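Opening the notebook on this one.

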Amino acid sequence: IIEKRGITHMTCQDPFLTAMAGTALKRQFKLPLELQIHTDIGSPYYVRSFADKVRLMMAKSYLPQADTIRAVSARIKEYLTQKLGLEDQKISIRPIFVDTERVKNAPITADLRAKYPQFKRIVLIASRLEPEKNISLALNSWPEVKKAIPDAGLIIVGTGSEHSSLSNQILHLKISDSAIIEKWADQQTLYSFYKTADLFVLTSFFEGYGMTLVEAQASGIKIISTDVGVAKEVGATIVSNDSRDLAQAIIAALR
């Protein structure tokens, strides 16, 4: 492909397996190579399995061999320069594109307040239901929120491998009257959910970027987040991975 099409530059979508191929082709064809990094490999929570450990080792090996690097957030660039010692000038920050004007101008087609009239204040989470998203943190904080604000509701929009365990956690915590898991919605519906909730919460252990944070900001909703991705850039209230800390932040934001 490189020879037939006269390829002059290469970019790889991650610094792991695709970077392995990219660096080999770089050596063979003497082509400049860009590596993209969308994952916050510098997070203390990133390595959660043997596979993650291997990926981290690969990234540390291949990133220094790149001619240029695309990082999707300032947080990732800071790790690359300060922890890995990579040259600042070869790293550019190019965020994942989010059509914020589309979010701002989207009409409300699904009203959470109308759908759940029993809740006077609504907290929204929109996320894949996977371990790294740490949704259990929000559930663990909810009994304290519910005690302080009895008419508050927690709506979790998403699908994933942790659906059953999170559903069981809701039952165990006895919060099924105010914590509800909805299936993942299409973009138009999700934009409406942002606009008809009172607060957006993100509880991830790590995020390279955090597209929902940018969408939430564009919709005008208040945001609480763990210190991941672009949380600080969008003006989120930053909380720790402690359920009481999160609960107090939610209570303060809803009052």
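Predicted model: local features only at pLDDT ≥ 70, side-chain atom pairs only at ≥ 80, totals over all residues.

I started at Leu80: beyond its neighbours within four places in sequence, Leu80 is in contact with Ile37, Leu63, Ile69, Gly85, Leu86 and Ile91.

Next I looked up where Leu80 belongs. It sits in the largest nonpolar core, which has 60 residues, and Leu80 is listed with Ile41, Leu63 and Phe200 as having the most contacts inside that core. I also found a second, separate core of 29 residues, with Val123, Leu129, Leu139 and Ile170 among its members.

**Helix pair**

How do α7 and α8 cross? I took α7 as residues 135-148 and α8 as residues 163-172; their axes come within 10 Å and cross at roughly 10°. The cut-off for roughly parallel is under 35 degrees, so I noted α7 as roughly parallel to α8.

Then I listed who meets whom: Ile135, Ser136, Leu139 and Asn140 from α7 against Leu166, Gln169 and Ile170 from α8. I sorted the residues of this contact into four nonpolar, three polar and no charged.

**Leu190**

Is Leu190 buried or exposed? I got 1% relative accessibility, and since buried means under 20%, Leu190 counts as buried. Leu190 lies in helix α9, residues 187-196.

I checked its surroundings too. Setting aside residues up to four places away in sequence, Leu190 touches Ala126, Trp184, Ala185 and Glu215.

Note on methods. Residues numbered from 1 in each chain as written. Heavy atoms only, no water. Core = buried A, V, L, I, M, F, W, Y, C linked by side-chain atoms within 4.5 Å. Buried < 20%, exposed > 50% of the residue type's maximum accessible area, 1.4 Å probe, protein only. Contact = heavy atoms within 4.5 Å. Axes fitted to C-alpha atoms, helices over the stretch in contact; angles between N-to-C directions. Helix = DSSP H or I, 4+ residues; strand = E, 2+ residues; numbered from the N terminus. Parallel < 35°, antiparallel > 145°, perpendicular 65-115°, else oblique. Nonpolar A, V, L, I, M, F, W, Y, C, P; charged D, E, K, R; others polar.
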